Amino acid sequence: MSLFTHLLACLLGMGSWVSINGLWVELPLLVPQIPEGWYLPSYLSVLIQMANVGPLFVTLMHRFQPGKLNETAVIYFIIGLGTLASLLLALFWRETTVVAGAPRSVALLVLTFFLSTVDCTSSVTFLPFMMRLKRQYLTTYYIGEGLSGLLPALVALVQGVGVVDCVNGTVAELAPNRTATYELEARYQPANFSAEVFFYFLSAMMLVCLAAFLLLNHHPAVAREHRSGKYTNGVQAPCGGRSRGSEQGAARADPFRAINAKPRSGFGTGAYSRREMLYIFCVLAWVNALTNVVVPSVQSYSCLPYGNKAYHLSATMAAVSNPLACLIAVFLPIRSLLLMGVLTCVGTSVAAYIIIMAALSPCPLLVHDTSGAVLIVFAWIVFVLTLSYVKVIIGVILRDEGHSALVWCGAVVQLGSLLGAVTMFPLVSVYSYFSSGDPCNTKCP
């Protein structure tokens with residue numbers, strides 16, 4: 001394997017969701033300076049789901065006009081658009097426009113929509129593009145995708161975003177002696193550098209992604225890592241009859257697949273039955289609904305009652321767990337559908353624990369005990385680790401089923417995220433079923 005090609009695949013994956021992930025971690029710094037306040041996360045959730053028009057268009061083109069959409073040109077366009085939108089965000093995110101008699105962050109919301117379109121569309125373009133390379137590079141791409149959340153989180157940590165000090169604050173004065181009562185209140189520390197600098201960093205990351213994609217297309221060292229056969233607009237051209245040696249090579253790559261086995265369905269290579277493919281896609285949608293929307297939307301509710309340190313540690317360790325799961329998949333690429341189901345059940349059970357703790361906020365279980373904080377941090381690590389591994393294994397399975405399978409993989413990822421958002425948005429933002437905990441004053445019986 002070419003280390004250089006692994007690096008480029010990783011950098012391409014890092015550019016897939018770095019813009020939106022970066023915007024989310026910067027929210028504590030943006031919210032106090034814009035008129036939308038803490039309603040901004042709800043607006044962002046809606047905009048991200050509206051941006052699914054991008055992957056919908058690409059999926060429909062692959063379904064009804066196969067080979068007509070120039071996949072490489074689309075990727076160049078969305079990476080360029082993401083770079084430009086990140087740069088404009090650094091310049092205009094503070095700007096407001098009066099709409100319906102009230103100031104609104106129109107520039108911020110419009111540019112966020114474009115960034116969301118870029119990142120959502122990457123799910124149905126970057127993955128199919130990786131079909132051109134050997135299967136080992138797909139796992140490296142997933143490592144980069146995990147780093148697209150970790151790297152902005154680490155930069156935000158250096159920036160000091162969301163660091164809270166607990167200071168004495170006056171509550172009331174009591175008559176007749178007029179003595180004041182005090183309790184701790186949370187105050188955010190000033191950041192080490194501005195949001196503008198952070199958005200310039202995101203622009204630089206998108207430029208790095210663009211450079212990686214250029215090299216993946218044109219560098220001679222990468223060309224030697226291509227699979228047999230040539231691709232045109234994402235469709236592999238035939239390269240002659242399949243020899244027995246190539247069949248044996250496929251069998252060595254997947255020991256569970258028999259040589260000259262009768263196709264079990266008309267999907268991909270036919271290695272899986274229709275029922276098994278339905279099972280795989282249902283697991284994929286469910287896992288992405290949980291990891292992309294449902295559980296992250298209640299992260300602050302589940303962690304803040306245990307203290308600010310527990311919140312930041314759970315967020316950081318969850319971000320580390322994603323690429324770690326992908327790294328594990330490099331050495332243990334187990335494709336067992338039974339194992340996939342077991343890990344999904346484990347991850348779902350842990351997700352249920354996190355959601356229950358969020359629903360009990362500001363007084364979850366063991367809120368005054370150190371073991372409560374340890375449990376919630378451990379729960380976040382296990383949740384991300386297990387379900388991230390499931391996502392990588394499904395990607396590897398569908399990668400062997402062909403280019404079309406990876407297009408549908410990206411589409412189902414976005415569909416799962418959409419269903420999760422439709423479910424959680426009213427619960428969190430409309431009906432307010434979750435109550436925030438105070439990192440400095442958690443008062444529980």
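R335 is a buried residue, with a relative accessible area of 10%. In this predicted model, the R335 side chain meets that of D400 in a salt bridge. The structure holds three salt bridges, and a search of the whole structure finds one cavity of 30 Å³ or more. The points below cover the salt bridges, the cavity, a surface patch and some backbone features.

**Salt bridges around D400**

- The N to O distance between R335 and D400 is 2.4 Å.
- This pair links distant parts of the chain, with R335 in the loop between α14 and α15 and D400 in helix α16, 65 residues apart.
- D400 counts as buried because its relative accessibility is 11%, and the cut-off for buried is under 20%.
- The side chain of D400 also meets that of R399 in a salt bridge, at 3.5 Å from N to O.
- Both R399 and D400 are buried.
- Through shared partners, the salt bridges join R335, R399 and D400 into one network.
- As a general point, side chains of opposite charge can pair when their charged atoms come close.

**The salt bridge between E196 and R94**

- E196 forms a salt bridge with R94, and the closest N and O atoms are 3.0 Å apart.
- This pair too links distant parts of the chain: E196 belongs to helix α9 (residues 195-218), while R94 sits in the loop between α5 (71-92) and β1 (97-99), 102 residues apart.
- R94 counts as partly exposed, at 44% relative accessibility.
- R104 lies 10 residues from R94 along the chain, and their C-alpha atoms are separated by 10.0 Å.
- R104 is in strand β2 (residues 102-104) and is partly exposed, with a relative accessible area of 35%.

**The cavity**

- The volume of the largest cavity is about 40 Å³.
- Its lining consists of I334, S336, L339, M340, L343, Y389, V390 and I393.
- The elements that give two or more residues to this lining are α15 and α16 (370-400).
- By class, seven of the lining residues are nonpolar, one is polar and none is charged.

**The nonpolar surface patch**

- L324, L327, I328, V330, F331, L332 and I334 make a nonpolar surface patch of about 610 Å².
- I334 is in the loop between α14 (308-331) and α15 (337-360).
- I334 counts as partly exposed because its relative accessibility is 38%, which lies between the cut-offs of 20% for buried and 50% for exposed.

**Backbone features**

- The peptide bond from S361 to P362 is cis, with omega near 10 degrees.
- P362 has its place in the loop between α15 and α16.
- L366 is also found in the loop between α15 and α16.
- Phi of L366 is near 55 degrees, a positive value in a residue other than glycine.
- L366 is partly exposed, with a relative accessible area of 41%.
- A100, in the loop between β1 and β2, has a phi near 55 degrees, again a positive value in a residue other than glycine.
- A100 is exposed, with a relative accessible area of 83%.

How values were computed
Residues are numbered from 1 along each chain as its sequence is written. This is a predicted model: local features need pLDDT of at least 70, side-chain atom pairs count only at pLDDT 80 or more; totals for chains, interfaces and linings use all residues. Side-chain values use heavy atoms; hydrogens and water are left out. Patches are made of residues with over 30% relative accessible area and no salt bridge: like charges are joined within 9 Å, nonpolar side chains (Val, Leu, Ile, Met, Phe, Trp, Tyr) within 5 Å. Accessible areas come from the Shrake-Rupley method with a 1.4 Å probe; for residues, only the protein chains shown count as cover. A salt bridge is a side-chain nitrogen of Lys or Arg within 4 Å of a carboxyl oxygen of Asp or Glu. Helices (H or I, at least four residues) and strands (E, at least two) are DSSP runs, numbered from the N terminus. Buried means under 20% relative accessible area, exposed over 50%, partly exposed in between (1.4 Å probe, protein chains only). On a 1 Å grid over the protein atoms alone, a cavity is a set of points where a 1.4 Å probe fits but cannot get out, and a pocket is an open set with protein on both sides within 12 Å along at least five of seven lines; lining residues have an atom within 4 Å of a point. Grid points are joined across faces, edges and corners, and a volume is the space filled by probe spheres set on the points. Ala, Val, Leu, Ile, Met, Phe, Trp, Tyr, Cys and Pro count as nonpolar, Asp, Glu, Lys and Arg as charged, and the others, Gly among them, as polar.
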